[in-house]
Amino acid sequence: MSSGEIFVVVFLTAIVLVIGGLLLGLLLAPHSTNPQKGEQYESGIPTRGTSWMQFKVGYYLFAILFLMFDVETVLLFPWAVLMKSLGVNGLLCVSFFLVVLVLGLAYAWRKGALEWK
Amino acid sequence: MLELTGIINWIHETLMANIPASWLVSLIEYVLIGAGFLALYAVLALILIYFERRICAFFQCRLGPNRVGPFGVFQVIADMVKILLKEIISVKHIDKVLFYSAFFIVIMGSFLTFGGLQFARGVHGADFNIGVFYLLAVSSISIVGVLIAGWASNNKYALIGSMRAGAQVISYELSAGLSLLTMVILAGSMNLSTIIEEQADAWFIFQAPIPVLIALVIYLIAGHAETNRGPFDLPEAESELTAGYHTEYSGIQFGFFYLAEYVNLFIIAAIATIVFLGGWQPFHIVGADGFNAVMDYIPTWAWFFGKAFALIFLSLWVRWSFPRLRIDQLLHLEWKILLPFGLFNLVLMAVWVIIFK
């Protein structure tokens with residue numbers, strides 16, 4: 001049995017799990033409607049205004065930093081697999097790449113981008 | 001021997017002998033595989049919830065659930081039935097499409113990761129040649145679901161919880177990825193079967209102790225943070241945010257988040273077991289044939305689940321021993337401690353492989 005087939009089977013099973021669970025829940029659980037029940041739960045106090053608003057920019061900054069390092073990891077994977085055959089030469093080439101990245105991290109650090117404000 | 005491969009081959013041969021059409025045999029086998037994964041997924045979640053409640057009780061000098069069935073083992077089943085019977089409240093003012101797709105994506109991420117693991121000799125899910133990469137890729141789908149859940153709920157607690165979860169999980173994913181990358185250097189392959197075969201004589205942690213130990217510690221901390229547990233439970237900090245990103249979910253919808261959270265705990269332990277501690281390989285000492293034969297007698301699935309549950313116990317221990325971090329401390333730990341250490345460890349491992357291999 002090939003991996004692709006198992007992947008498709010697992011994918012479909014996950015769909016069955018969610019839909020089956022939801023249907024079972026809808027079938028077994030009681031229902032009652034009430035104008036207050038559907039309101040957002042904020043510890044019993046009515047919500048003021050919408051929650052779909054601008055949000056703190058700090059999270060966005062970390063997402064950008066994450067993108068930089070995540071792409072780096074992706075680019076390093078092929079080298080990691082072939083590390084043994086590439087040897088010292090490969091390591092030297094990759095360390096140049098790593099130094100550039102560490103410089104990037106050092107820059108972000110120095111600029112205070114890693115501080116939570 | 002109590003191996004599972006025998007049972008699998010027996011099922012395959014019985015089906016082949018009794019059903020003439022080969023497509024029907026394949027179809028039945030697909031259904032059996034799906035049912036097997038589903039059963040393992042649910043049973044593992046139940047066992048983990050029981051473990052969590054029981055062990056947490058012992059850490060706090062309580063008894064935990066002990067009334068329903070022997071040692072309270074049926075308590076989790078009762079809880080599961082209860083969660084199915086709870087009303088699914090239809091919340092107003094939400095983004096309906098996103099709201100109902102959130103738990104779907106969360107379950108999808110954890111189930112696909114679960115379907116890429118190796119449980120025993122010959123018993124495994126999808127075994128891609130880029131296995132480690134696949135696990136990293138599909139396990140990060142879940143966070144999209146969490147962000148969607150927080151946004152679609154139109155609830156301030158949920159929004160704050162999901163934003164915290166986003167910042168936390170993506171940050172710690174870097175360290176988890178880097179430590180797995182470090183192990184790929186040692187293994188020379190991303191295929192999980194090959195990685196496990198490489199550890200037949202000695203697990204990776206004994207092959208290159210210093211870099212592997214650093215990578216293991218980094219991976220366990222990062223993995224622990226990715227499951228939003230223990231000292232890293234800011235996204236659902238119940239004293240600040242009621243329940244974080246799943247505040248608005250009720251009944252079985254909440255059950256899906258709960259299920260995914262506990263299975264993710266197992267998945268982190270299972271990946272750590274496969275990549276660092278030899279997967280299902282028994283403990284071998286080179287040269288000691290008698291000892292190795294005794295170790296081989298223990299079935300491989302017992303080795304795998306034994307190691308995985310030892311790591312899970314460690315995770316629970318950490319969870320109930322440390323106070324919750326603040327978000328600045330959390331990001332400080334990742335970006336200023338774990339990430340530089342991870343990059344350093346990557347180079348250390350490369351140098352180690354060049355010198356000793």
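Biologist: How many residue pairs are in polar contact between chain A and chain B?

Modeller: A polar contact is a pair of N or O atoms within 3.5 Å; within protein, one must be able to donate a hydrogen and the other to accept it, and residues adjacent in sequence count only if both atoms are side-chain atoms. Between chain A and chain B there are four such residue pairs, both residues at pLDDT 80 or more. This is a predicted model, in which local features need pLDDT of at least 70, side-chain atom pairs count only at pLDDT 80 or more, and totals for chains, interfaces and linings use all residues. Residues are numbered from 1 along each chain as its sequence is written, chains are lettered from A and ligands numbered from 1 in the order in which they are written, and side-chain values use heavy atoms, without hydrogens and water.

Biologist: How much area do chain A and chain B bury between them?

Modeller: The size of an interface is often given as the accessible area lost when the parts come together. Here about 6,700 Å² is buried, 77% of it on carbon and sulfur atoms (1.4 Å probe, summed over both parts). In chain A, the residues losing the most area to chain B are A:Gln40, A:Trp52 and A:Phe77, together 11% of what that side buries. Contact (heavy atoms within 4.5 Å) involves 67 residues of chain A and 82 residues of chain B.

Biologist: Which helix gives the most residues to the side of chain A that touches chain B?

Modeller: Helices H1 (3-28) and H2 (58-110) of chain A each supply at least two residues of that side. H2(A) gives the most, with 24 residues.

Methods:
Buried area = accessible area lost by both parts, 1.4 Å probe. Helix = DSSP H or I, 4+ residues; strand = E, 2+ residues; numbered from the N terminus.
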